[in-house]
Amino acid sequence: KLFPAFVLLGQAYLGKRDPVRATEAARKLLILDPRDPRGPYLLGLALRAAGKPPEARKQFEAALDLAPSYVRPLAELVSMDFAEKKPDTALSRVTKQIALAPKAADLQQLLGSVHQARREPVLAERAFLKAVEMDPNLVDAYLLLGDLYQSSGRFDEALAKANDALKVSPRNISAQMRVGMIY
């Protein structure tokens with residue numbers, strides 16, 4: 001009856017590429033606490049790994065209904081939208097969630113990634129900047145912003161963002177590597 005143990009068990013089965021057992025563990029999570037979004041999220045991952053995208057989509061949406069600012073199921077849905085070549089659906093989905101959870105910096109970061117994937121660098125930059133404004137400790141947003149700057153040849157700004165990430169997390173290997181790559 002220990003909820004975190006079933007979360008770990010489900011993740012372990014996913015890591016072993018055993019979606020059937022991961023599904024069983026996730027279903028136990030739904031029984032133990034039907035209001036915790038990790039249950040439907042983990043079930044969605046297991047169903048997606050089992051090649052059942054429509055069922056997975058329903059579970060990710062259920063997780064978002066329970067916790068509108070939970071970025072992981074939203075990121076899975078966005079990934080599925082892009083895989084199905086539906087970038088407009090992905091963008092619409094993220095903006096809808098931001099309206100439901102306007103203070104979630106992670107959602108702004110995901111919005112930036114969606115804009116970047118849609119080849120909208122100005123909008124991506126705006127979203128990443130808003131994410132770090134909302135949560136100055138969001139290391140990945142600094143790194144994504146730095147990547148955006150680096151890809152457009154703005155190396156000084158890219159270096160500054162990588163260094164901002166290191167100020168937040170001095171031992172972050174990704175940030176250290178970005179600094180080296182920029183140099």
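Which side chain makes a polar contact with the side chain of E125? The side chain of Y149 does, at 2.7 Å. A polar contact here is a pair of N or O atoms within 3.5 Å; within protein, one must be able to donate a hydrogen and the other to accept it, and residues adjacent in sequence count only if both atoms are side-chain atoms.

This is a predicted model: local features need pLDDT of at least 70, side-chain atom pairs count only at pLDDT 80 or more, and totals for chains, interfaces and linings use all residues. Residues are numbered from 1 along each chain as its sequence is written, and side-chain values use heavy atoms, with hydrogens and water left out.

**Around E125**

E125 sits in helix α8, residues 121-134. Helices are DSSP runs of H or I with at least four residues, numbered from the N terminus. The side chain of E125 also makes a polar contact with the side chain of R154, at 3.3 Å. Leaving out residues up to four places away in sequence, E125 touches L145, L148, Y149 and R154. Contact means heavy atoms within 4.5 Å. Is E125 buried or exposed? E125 is buried, because its relative accessible area is 18%. Buried means under 20% relative accessible area, exposed over 50%, and partly exposed in between (1.4 Å probe, protein chains only).

**Two helix pairs**

Two packed helices are described by the angle between their axes and the distance between the axes. Axes are lines fitted to C-alpha atoms, for helices over the stretch in contact, and angles run from 0 to 180 degrees between N-to-C directions.

Take α1 (residues 3-15) and α3 (residues 38-49). Their axes come within 11 Å and cross at roughly 15°. The two are therefore roughly parallel to each other; angles under 35 degrees count as roughly parallel. The crossing is left-handed, meaning that the near helix is turned anticlockwise from the far one by less than a right angle. From α1, the contact uses F3, F6, V7, G10, Q11 and L14; from α3, it uses R38, L42, L45, A46 and A49. By class, this contact has 8 nonpolar, 2 polar and 1 charged residues. Ala, Val, Leu, Ile, Met, Phe, Trp, Tyr, Cys and Pro count as nonpolar, Asp, Glu, Lys and Arg as charged, and the others, Gly among them, as polar.

Now α9 (residues 139-151) and α11 (residues 173-182). They pack at an angle of about 15°, with axes 11 Å apart. They too are therefore roughly parallel to each other, and their crossing is left-handed. L143, D147 and Q150 of α9 meet S174, A175, R178, M181 and I182 of α11. This contact has 4 nonpolar, 2 polar and 2 charged residues.

Most residues other than glycine have a negative phi. R17 has a positive phi, though it is not a glycine. R119 is not a glycine either, and has a positive phi.

**V168**

V168 lies in helix α10, residues 155-168. At 29% relative accessibility, V168 counts as partly exposed. How far apart in space are V168 and P136? They are 7.9 Å apart, C-alpha to C-alpha, and 32 residues apart in sequence. Not counting residues up to four places away in sequence, V168 touches P136, N137, V139 and Y142.

Terms used. Angles under 35 degrees count as roughly parallel, over 145 as roughly antiparallel, 65 to 115 as roughly perpendicular and the rest as oblique.
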